[in-house]
Amino acid sequence: MGTVGRAVKEAVSGLPREFWWLWTSTLVNRLGGFVVTFLALYLTVERGFSASYAGLVASLYGLGGSVAAVVGGVAADRWGRRATMTAAQVGTAVATAALGFAEHPAAIAAVACLVGFTGNASRPAVQAMIADLVPAADRVRAFSLNYWAINIGFGVSAAVAGLVAAHGYLWLFLGDALATVLCAAVVFLKVPETRPQDGPADGPADGPAVAGRAGGSGGAGVSLLDVLRDGRFVALTGATFLLAVVAQQGSTTLSVDMGAAGLSASQYGLVIGLNGLLIVILQIPVTRLLEGRGRAGLLVVGTLLMGWGFGLTAFAGSAGFYALTVAVWTLGEVVHAPAMMSVVAEMSPARARGRYQGVHSLAWSAAAFLGPAVGGWGLDRWGGSTVWGACAVIGTVAAAGYWLLLRERPAPTGPPLAWGAAPARPSAPPSAPSAPKAPDALEVVAAPAIPDGPAGVPAGVPTGIPADGRGPGADADGAAARPAAPRAGV
């Protein structure tokens with residue numbers, strides 16, 4: 001027990017207090033996340049609507065979430081992380097309560113779309129705030145812990161929701177709304193605004209990936225169009241979309257395949273429930289084991305485990321074998337998810353983190369639309385073996401894409417430079433000294449995009465220079481650093 005306690009302490013120590021308040025708000029929000037889990041059951045069993053109508057409402061919910069991914073990201077960069085989160089969560093509470101009272105089919109569909117919008121608008125802000133609060137070397141661990149909170153909350157809420165629904169489905173909506181209000185209150189009262197302020201003292205973001213881009217001064221003036229022009233980031237998002245299509249098969253195609261194999265709905269529930277259980281159990285020890293590993297390697301391993309885990313389903317015929325496949329791709333999810341969020345944070349200029357996180361989350365929203373339809377169509381047309389084999393192939397392609405995009409590049413020869421510094425010019429002959437000249441834009445050095453060195457320090461950077469490119473005496477806004485408060489976990 002002492003060993004377990006030490007492992008947990010090491011996994012949670014050293015993170016800012018503000019991060020733990022943000023983590024607490026996430027946990028509270030997910031503990032009350034009843035509605036999304038039971039919405040289809042509510043519409044078909046309690047209200048008597050058809051499965052087709054329930055599917056339409058679910059699609060509209062997803063549509064609202066897709067729009068929110070971009071709008072929420074822009075709002076987080078323009079108006080602030082805390083303001084966006086608070087407004088989105090209050091809006092979610094109101095919309096969720098209204099959904100519980102809605103009667104007409106059109107009203108239910110419209111309010112469900114609004115719930116999808118408000119409920120997902122805060123996600124880019126949360127991810128951007130974690131990147132703002134936590135040093136680059138600790139971000140994978142921080143995102144892992146936040147992902148852990150999400151799954152703890154989801155697992156508990158799914159179990160409690162059945163008991164709450166026994167007293168009436170309206171209590172599900174009201175309980176969800178109350179939990180969301182509490183989440184907003186925690187953020188408003190305990191979490192400071194972290195959006196970098198505009199100003200001439202601002203330096204580049206914490207990764208060299210943004211050097212030389214529009215918004216090289218930390219992302220100021222970076223628009224959505226600039227994000228879409230970032231070819232490397234868009235390619236990374238495309239690889240994530242491929243993986244997300246594979247991941248969607250777990251909630252749709254897998255249940256149909258298990259039914260065709262003669263397994264019951266309760267057996268499917270137990271098998272798919274293993275996903276959340278394993279995330280809760282494995283997230284902290286796996287995070288501790290992999291701490292300090294290169295992001296590219298983590299993404300490749302996690303992606304291959306997810307793709308090949310689904311591919312193994314082609315050989316499954318019993319509940320035990322299906323459970324084994326779920327365990328494999330869940331382990332891949334545990335490795336992939338926090339590393340991916342950290343990579344997106346590191347590729348983003350400081351003032352454009354919301355936009356980058358929002359655009360990247362579109363990969364999952366789009367996959368939520370396309371993945372189930374493609375999986376079902378493939379299952380009907382070619383059978384399960386082909387679908388699961390395709391998942392393995394697509395996962396392998398996505399892993400190769402991550403590796404090509406994020407693998408470590410050779411460090412430039414000569415003395416290392418701080419981000420944004422111009423390379424030294426050859427000395428002029430003594431007889432003809434040249435006047436000082438300001439470096440032009442083409443001389444900005446773009447070092448490797450993702451820190452692969454020890455403790456999150458990019459290759460080629462002097463040990464004394466932080467990964468965010470600021471001097472040791474500057475804070476997040478380029479001002480003189482205040483005395484650091486001791487950081488400890490809750």
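Biologist: At what angle do helix α14 (residues 295-311) and helix α17 (residues 384-406) pack?

Modeller: First, a heads-up: this is a predicted model, where local features need pLDDT of at least 70, side-chain atom pairs count only at pLDDT 80 or more, and totals for chains, interfaces and linings use all residues. Residues are numbered from 1 along each chain as its sequence is written, and side-chain values use heavy atoms, leaving out hydrogens and water. The axes of α14 and α17 are 7 Å apart, an axis being a line fitted to C-alpha atoms over the stretch in contact, with angles from 0 to 180 degrees between N-to-C directions. The angle at which they pack is about 175°.

Biologist: Roughly parallel or roughly antiparallel, then?

Modeller: Under 35 degrees counts as roughly parallel, over 145 as roughly antiparallel, 65 to 115 as roughly perpendicular and the rest as oblique. That makes α14, relative to α17, roughly antiparallel.

Biologist: How many residues of α15 are buried?

Modeller: Buried means under 20% relative accessible area, exposed over 50%, and partly exposed in between (1.4 Å probe, protein chains only). Helix α15 is largely enclosed by the rest of the structure, because among its 29 residues the buried ones number 22.

Biologist: Which residue forms a salt bridge with Asp-77?

Modeller: A salt bridge is a side-chain nitrogen of Lys or Arg within 4 Å of a carboxyl oxygen of Asp or Glu. For Asp-77, the closest N and O atoms of the pair are 3.3 Å apart, and the partner is Arg-355. Asp-77 lies in helix α4 and its partner in helix α16, so the pair ties together parts 278 residues apart in sequence. Both residues are buried: Asp-77 and Arg-355.

Biologist: Which residues are linked in a network of salt bridges?

Modeller: Asp-132 pairs with Arg-81, with closest N and O atoms 2.7 Å apart. Asp-132 also pairs with Arg-353, at 2.5 Å. The linked residues are Asp-77, Arg-81, Asp-132, Arg-353 and Arg-355.

Key. Helix = DSSP H or I, 4+ residues; strand = E, 2+ residues; numbered from the N terminus.
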